[in-house]
Amino acid sequence: MSDYGLIINGKKVFSNNTFSVINPANERVVAECPIASKEQLNEAVSAAAIAFKTWSAESDNIKAEACGNISAAITEHAEELAHLLTLEQGKPLNGAGSRFELGGAAGWAGYTSTLSLPVKTIQDDDNARILQTRKPIGVVGSILPWNWPLMIGVWHVLPAIRSGNTVVMKPSPYTPLSTLRMAEIMNECLPPGVLNCVAGEDELGQWMTEHPDIQKIIFTGSIPTGKRVMSSSSATLKRLTLELGGNDAGIVLDDVDPATVAPGIIEGAFLNNGQTCAALKRLYVHESVHDELCEKLTEVANAVPMGDGLNEDNLQGPIQNKMQYDKVVGLYEDAKANGGKVLCGGNIPDEPGYFMPYTLMTNVTDGMRIVDEEQFGPLLPIIKYSDINDVLEKANGLETGLGGSVWSSDIERASDIASKLECGTAWVNQHGPIAPNVPFGGVKCSGIGVEFAEEGLHEYTTIQVVNVTKV
Ligand code: NDP
């Protein structure tokens, strides 16, 4: 038995089957997590379907108020949730860690409460009145990853309920505890059944994508799993928003001041230990500034204290799980074996915990795994280039297209090059900033649809036109 419960129809529900959640900083068990059975998933979906009838009919004010109350409740419980998040996710309490994530979650929830779905008048004259409204879809299934579980949980749930849907959410088995607790806290602001949360391993996500009474899936995670979600959702023709992986290129032009851009590049590459979908994952540097920039990047990267995230001094935690750790170390070893030069990091501690310091590698090229594959960890390949057209082709040459960035002292020149990147967001002299009023999404295999702002809210609705003839 576990202290943590599933949240079904407003109640905490337990399960006799559990699995252990591991603290990646020391490999010890944090707690047991309940495993939802298929029957419990069905109960959650049916609670959401029943709640949809009343929640979708509630006034706009009630829905906005609930979102505002959720924002306040997250703020009230931020410290408790941040500690739990650090224990199971590994990210530090400080820096861009757990407290930052909770602040973001509360901020996004608050902003979402202010969004609205006004009725659009297409025509209103002597001949006809044609109005376009946006209606909620029904029960939304939210499938979450382990990198920013609480922030992404808010990104999934808040626009869904703000627009009148009800939700069944499923955290990643690597980080379920803080999400279950957050769902419990959110439920204090909502009628029973509007938000349900089930946890488990393996089959649960697939059961959700196949479930006939879930009408939409919002999924954040890897490209291969996104493709599976799309495939198994097709039988019931679910609406989909897929926010998938990226392999974002950053292009440094010949006119930068290396000391000025180095901190922003390190931040963009190693936000959340590099475990961010739109982190900078391939850095192309013009040959004229390559060596000096490498020096400055090394200085910045070496200055970041690494260790257990519960220690208030640390700003880098472990990689979140063993699978991911093995993947990142594998890419590092492969690059080294193929002539990659280690500028800093790489000295992987032989102690419990999945730690790897910020690692920069040069003497690497496209075609090597470290460049072509998404590392999703504290490992950045730096590729020297001489021709901007050639580098644009390389930046656009992969199946991914989430973000990208251009770094230069001339923002007009940089903006022009940025507009040629095939990606959802192209940044200039920064990489990664997002905001609740700015739509965010990927092109090509990095996703379908957008999140945030009015455009993100629209993804949780279908259009209905009421067309009245007056003649
Ligand atoms: P996955 O994409 O496999 O998992 C994300 C979520 O999907 C989890 O909740 C998982 O739960 C669920 N899931 C897995 N299979 C299915 C399925 N067939 N149908 C429905 N849901 C499913 O990510 P991983 O945790 O395995 O990480 C693998 C790689 O993904 C990483 O190395 C990284 O490159 C990338 N990644 C990208 C993220 C992003 O933000 N874009 C976030 C996290 C990872 P369960 O495992 O219980 O099935």
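Reader: What is the bridge partner of Lys341 in β15?

Author: Happy to start there: Thr362 in β15 is the bridge partner of Lys341. This is a predicted model, in which local features need pLDDT of at least 70, side-chain atom pairs count only at pLDDT 80 or more, and totals for chains, interfaces and linings use all residues. Residues are numbered from 1 along each chain as its sequence is written, and side-chain values use heavy atoms, leaving out hydrogens and water.

Reader: What makes β14 and β15 a pair?

Author: Two strands (DSSP runs of E, at least two residues, numbered from the N terminus) pair if DSSP finds at least two bridges between them. β14 and β15 have three bridges, in the antiparallel sense, so they meet that definition.

Reader: And how do β15 and β16 pair, parallel or antiparallel?

Author: They pair in the parallel sense, also over three bridges. Met361 stands opposite Pro381 in β16.

Reader: Why are β14 and β18 said to stand at the edges?

Author: The open sheet has seven strands in the order β14-β15-β16-β13-β12-β17-β18, with mixed pairing. β14 (341-344) and β18 (425-428) each have a single partner strand, so one side of each lacks a neighbour in the sheet.

Reader: How do you know which faces of β15 are covered?

Author: Buried means under 20% relative accessible area (exposed is over 50%, partly exposed in between, with a 1.4 Å probe and protein chains only). Thr359 and Met361 on one side, and Leu360 and Thr362 on the other, are all buried. Both faces of β15 are therefore covered.

Methods: Helices (H or I, at least four residues) and strands (E, at least two) are DSSP runs, numbered from the N terminus.
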